[in-house]
Amino acid sequence: MDVRSGESINGLRMSWNIWPCSQPDANRIVVPLGCLYTPLKAIDSLQLVEYEPVTCKASACGAVLNPCSFVDFKSKTWTCPFCLNRYPFPVHYAEHITETNLPAELLPICSTIEYILPHSVCNPPIFLLVLDIAVIEEELEQAKDSLQQSLAMMPQNALVGFITFGANCYVHEVASASLPHSYAFRGTKEYSAQQVSYQLGFGQHTSHMGGTMVAARFLMPVTECEFTLHSLLDDLSRDAWPSSGGHRRPLRCTGAALSVALGLMEATYPQSSVRVTLVVGGPCNIGPGTVVGEELVETIRSHLDLQKDKPNARYSKPAIKFYSTLASRAVACGFAVDIYACSLDQVGLYEMKVMSDKTGGYMVMSDSFSMGVFKESFRKMFDCDEAGYLQLGFNAKVDVFTSSEFKCCGAIGGLSATGKKRPNIADTEVGEGGTCQWIVGALDKKTTMAFYFEIANQQPNVMPPSKQGYLQFQTCYCHPSGRKRLRVTTVAHRYTSSSMTDITAGFDQEAAAVLVARYAVLRCEQQEWVDRMLIRLVSTFADFRKDDPGSFKLAAELAMFPQFMYHLRRSSFLQTFGTSPDETAYYRTIIFRENTLNSLVMIQPALLQYSFEEGPPQPVLLDTCSLKTDVILLMDDFFHVVIWRGEKIQAWYDLGYQDKEEYANFKALLQAPAGDAKQILADRFPVPKFVQTNAGGSQARFVTSKVNPSSAGVSSGQIDATAVITDDVSCKAFMEHLIKLAVKS
């Protein structure tokens with residue numbers, strides 16, 4: 001069974017493509033029943049139609065006509081596969097429909113179809129830029145430069161607004177450049193939409209349109225205010241609020257600024273295509289959302305501080321509560337909140353991540369506004385397609401429909417539950433559960449959500465051999481063209497017998513690894529939970545004789561899964577040693593929304609080898625045995641792209657052989673990984689950090705911390721320069737211990 005085929009056709013991958021027929025059987029297979037779904041995946045054969053979909057009229061259903069529907073051509077009726085109700089086709093369908101003349105939504109190749117909904121329009125994209133001006137001049141100049149470049153890349157009809165903050169928050173008028181105005185808000189308090197609109201002078205307008213017209217001073221089409229914004233940014237300087245010398249942090253009211261930004265949008269463009277984009281260079285230390293004190297002597301919290309509830313961790317719980325409130329406000333209006341954080345120290349992503357996690361906004365973390373990680377990532381947010389539209393969807397609602405045999409437990413990945421109820425909602429909740437509908441402030445072509453299911457049947461009854469289960473996703477979103485669109489994906493799966501002899505044939509170990517990773521990260525489970533799950537899985541499906549490790553054999557469909565779990569339990573997603581709370585928050589937010597391939601690269605980085613002997617670059621084991629002296633390695637762990645040179649290669653490089661004509665082949669060897677790295681950097685969002693290092697170099701840690709420590713690196717009393725000194729157990733020892741426990745009687 002080709003378990004990957006569904007991704008290119010429907011943007012969907014399931015952990016199990018053959019399902020157990022009862023919940024007791026589902027408990028036996030250990031790995032959750034779930035799928036990874038990319039709503040806006042670019043599909044070559046996607047059918048785009050401009051008419052209203054035909055939907056099931058049952059109050060507890062609402063599914064859309066699809067290729068899995070049962071059609072009676074004689075009576076011109078169709079039966080919904082989800083609720084089994086029968087309906088007549090609309091007149092214009094019934095007149096023409098035959099077995100050889102089917103509408104697009106009934107064609108088997110159109111299991112995913114997109115409707116452009118007639119008579120539905122939405123506002124153009126709206127970007128509210130919120131800039132931190134309590135940073136040093138050099139950093140501010142770099143941030144201003146990126147913002148000015150973004151203005152030229154925005155669609156011509158996009159609306160844009162501008163807010164700055166330091167000790168106080170300033171909402172800038174963008175209507176006129178002759179006499180620029182800004183409205184100041186005190187940085188020590190939270191603001192509601194009503195308070196913001198009143199202070200900005202349009203609170204007296206009771207009608208939404210009246211408020212919007214007055215608010216045009218603050219939100220205008222980019223073509224009309226580009227010159228004004230360029231002038232504002234050119235004249236913008238560091239926050240002038242007096243600082244108390246070098247022993248205090250500059251005052252920064254990030255929380256208040258975000259509450260003002262959301263208040264402005266709530267009062268003017270609720271339920272519109274809105275992105276509130278925060279560009280911040282340090283931690284909030286004044287007003288709501290404070291994560292650290294003003295005194296530099298007080299360090300920002302670490303994982304250990306949070307675990308032991310030390311004094312400098314006292315800000316975290318109130319800050320998380322505050323940012324959760326802001327996230328709820330954004331979700332209620334369908335907004336996305338982006339966070340671009342650039343600082344050598346932490347800025348409070350640990351507390352603020354809830355806003356990105358709930359709204360689907362971007363999160364990007366870098367050391368400086370001058371680095372490509374920020375500059376290129378910020379630029380890519382405004383990339384357009386061939387038609388000139390942003391490659392994004394806004395204010396989306398995702399509905400899940402299931403046939404009666406199974407129910408939805410919940411979803412994980414940059415979304416929020418709306419609380420909408422249907423009979424297909426499971427009692428067990430995973431992530432955002434208790435609903436059949438979720439809201440996502442913003443989507444791109446790679447935004448991927450994880451959905452988890454459970455079997456409704458609690459008794460081990462055998463289902464009919466031909467029994468199929470049906471699953472449908474409906475994603476209604478605002479397209480940047482100003483029209484609402486509905487993408488519908490419908491898939492079917494079959495059920496196995498009670499013996500479950502064929503269930504492993506439908507196991508997708510890659511999708512399963514990502515679903516397990518999201519589940520473990522969400523629950524902040526430690527590696528012990530992953531170990532117990534893995535032992536149960538292999539003891540259920542492996543062939544072996546009791547107490548005989550040598551007889552252990554695992555089917556090819558599951559062979560890579562233990563290796564994925566080995567790397568997951570070592571990763572920064574579950575291990576917090578050596579990382580800050582901000583870094584952990586960043587890594588976890590990203591893995592919650594990336595597609596299967598990118599998530600696997602995060603769990604088990606890809607390693608390519610370049611050498612004179614091998615010819616083209618070869619994928620090699622993520623192992624210390626690959627750290628050879630005469631090769632160049634390119635490692636991609638999604639967040640970093642690292643070029644590593646062996647000792648011999650680095651020695652030749654230091655001698656300048658690449659500059660000599662007779663060593664042109666050596667020059668070509670050096671250029672090959674650089675070209676491949678450039679391609680990765682160009683295709684990915686967020687843009688990874690690019691690192692060049694060599695064996696024994698200080699930044700070689702990016703590679704040595706990821707490889708499997710298969711050898712101690714000591715031979716004949718000599719320590720190998722490529723040795724990895726670590727307390728981590730090797731993959732071989734891990735597998736031996738796993739097998740020993742699995743076969744234990």
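The model is predicted, so local features need pLDDT of at least 70 and side-chain atom pairs count only at pLDDT 80 or more, whereas totals for chains, interfaces and linings use all residues. Residues are numbered from 1 along each chain as its sequence is written, and side-chain values use heavy atoms, with hydrogens and water left out.

Helices (H or I, at least four residues) and strands (E, at least two) are DSSP runs, numbered from the N terminus. With a relative accessible area of 10%, Q474 is buried; the term buried stands for under 20% relative accessible area, exposed for over 50%, and partly exposed for values in between (1.4 Å probe, protein chains only). The side chain of Q474 makes a polar contact with the side chain of Q472, at 2.9 Å. A polar contact is a pair of N or O atoms within 3.5 Å; within protein, one must be able to donate a hydrogen and the other to accept it, and residues adjacent in sequence count only if both atoms are side-chain atoms. A polar atom of the Q474 side chain also lies 3.1 Å from the backbone oxygen of G62. Leaving aside residues up to four places away in sequence, Q474 touches several others, among them A63, V64, K397, D399, F401 and R487, where contact means heavy atoms within 4.5 Å.

Turning to the helices, α16 (residues 581–591) is largely enclosed by the rest of the structure, because ten of its eleven residues are buried. Those buried residues include P581, Y586, Y587, R588 and I591. They pack against α9 (303–308), α11 (349–359), β16 (363–366), α13 (509–522), α17 (596–603) and β29 (640–645).

Two packed helices are described by the angle between their axes and the distance between the axes. For α5 (residues 193–200) and α8 (residues 254–268), the axes come within 8 Å and cross at roughly 80°. Axes are lines fitted to C-alpha atoms, for helices over the stretch in contact, and angles run from 0 to 180 degrees between N-to-C directions. The helices α5 and α8 are therefore roughly perpendicular to each other, a term used for angles of 65 to 115 degrees. On the α5 side, A193, V196, S197 and L200 meet S259, V260, G263, L264, E266 and A267 of α8.

Some backbone details complete the picture. Most residues other than glycine have a negative phi, and most peptide bonds are trans. F685 and P686 are joined by a cis peptide bond, with omega about -10°, and P686 is in the loop between α19 (664–683) and β30 (689–694). D547 is not a glycine, yet its phi is positive, near 60°. D547 lies in the loop between β24 (543–545) and β25 (548–553) and is partly exposed, at 49% relative accessibility. F638, also not a glycine, has a positive phi of about 80°. F638 is found in the loop between β28 (632–636) and β29, and is buried with a relative accessible area of 1%.

Notes. Angles under 35 degrees count as roughly parallel, over 145 as roughly antiparallel, 65 to 115 as roughly perpendicular and the rest as oblique.
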